[in-house]
Every structure is written in C-alpha cells, then in structure tokens.
Amino acid sequence: MRSRDIRWLLVLLANLLLIWLAGLANHYLAPFAISLYLAGLFVPYSALRLDYRHGFTATALTGLAYDALTPAPFGTHLVLLGLVHAVLLYGRRRFPREEPIFATVVALLANLFLVLALTTLLIGENPHPANAWLRVFADLIASQLVIGLVTPWFMALNAQLLACARLDPESGRRVEL
C-alpha cells in the first residue's frame, strides 16, 4: 500500500455521507414507524472495485463508524461487513464488477444477510421476540426498496470521487482526464 494512496479514504467518506443521509431519512420516517437499514451499500464498491487492502480498510473503518452509532455491541458491524467483504473478494473475478445491476443485486443480498444476522444476534434482547419479526420484515422491505433505488447513484458517486482524484480504482495509479 502506497503511503499517499487515498482510495480507501474517498470510499470511507462516501460511506460516511451515506450513513448521514440514512440518519436524516430515518429521522423523517420516525413518525411513520419505519427505519431504514442501508449497511448493505457499504460493501459492494470497496469489495468489487478496489484492491483487497484498500477495500478492506474502507469497509473496516465504515463498520467501526457504524458500530459507534448503533446500539449493537461494538465490533458487530465490523465483523459482519468484513465477512460480506471477504465473500465478495473470494468470487469477484467471476463477477461482472462494472455492471450497476450486479452491484444492486450484491447490495440487496448483503443487506438481507446483514439484517437477518443482526436480528438473529439481537432478538433475544426483545421482551416479545415474535412481535419484533414483523417490524423487522417491514423495515427490511422499505430498506430493500431504497437500496434498489439508491445503489446506482451511490456506485456512481464512488466512481466520480475517484475520478475527481484522478485515481484508477483498481490500481491506484494516476489517470489523465
């Protein structure tokens, strides 16, 4: 990893922007008893487009930042996002990585896995676990709809950040515009 290679930082900043926007959306959706969980969007760009060191650095720091904001035990999102990142890295050579539709499918599946894993881990804290599943599925449907709509924009945002910095996402080399 080169000392001045900032690809991980640019992806982290985009992820932090998404965390902030999701927090704003959740604030305005609170009167309707709907909560969006968009953590599935944090992984696809860093796992599919960046090299493994920069991608994992961005994913790990995003997981730690998200852990600081959620009531889950600290490190939970770090482990779960790292697991999703590792699975995507394992098969990324076989995937059409540049396609926005594929990134949308990956984000939807990652979000589904993360919601089910977190719910399974934390459902025991709820006094009425059976009633909580209905709320989880309602929030999951809303979250999946938003992810389906937002993923192409978010992937383009990441690509534009790296293009503005004149960096190739995979190699980190300077590119001429």
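The model is predicted. Helices α1 (residues 7-29) and α6 (residues 129-164) have axes that come within 9 Å and cross at roughly 145°, and a search of the whole structure finds four aromatic pairs.

**Packing of α1 and α6**
- The crossing of α1 and α6 is right-handed, and the contact is made on the α1 side by R7, L10, V11, A14, N15, L17, L18 and L21, with W153, F154, L157, N158, L161 and L162 contributed by α6.
- By residue class, the contact of α1 with α6 divides into 11 nonpolar residues, two polar and one charged.

**Helix α4**
- Helix α4 (residues 76-91) has 16 residues, which at 1.5 Å a residue should span 22 Å, and this agrees with the 23 Å between its end C-alpha atoms.
- The buried residues of α4 are T76, H77, L80, L81, G82, V84, H85, L88 and G91, and what covers them includes α2 (44-48), α3 (52-69) and α5 (100-122).

**Aromatic pairs**
- Among the four aromatic pairs is that of W133 and F137, whose ring centres are 5.7 Å apart and whose planes lie at 35°, so the pair is tilted.
- Both W133 and F137 lie in helix α6, four residues apart, about one turn of the helix.
- Because its relative accessibility is 26%, W133 counts as partly exposed, and F137, at 39%, also counts as partly exposed.
- Elsewhere, ring pairs link Y37, F42 and Y66 into a cluster.

Conventions: Residues numbered from 1 in each chain as written. Predicted model: local features only at pLDDT ≥ 70, side-chain atom pairs only at ≥ 80, totals over all residues. Heavy atoms only, no water. Axes fitted to C-alpha atoms, helices over the stretch in contact; angles between N-to-C directions. Helix = DSSP H or I, 4+ residues; strand = E, 2+ residues; numbered from the N terminus. Left-handed = near helix turned anticlockwise from the far one by under 90°. Contact = heavy atoms within 4.5 Å. Nonpolar A, V, L, I, M, F, W, Y, C, P; charged D, E, K, R; others polar. Expected span 1.5 Å × (residues − 1). Buried < 20%, exposed > 50% of the residue type's maximum accessible area, 1.4 Å probe, protein only. Phe/Tyr/Trp six-rings, centres within 6.5 Å; stacked < 30°, edge-to-face > 60°.
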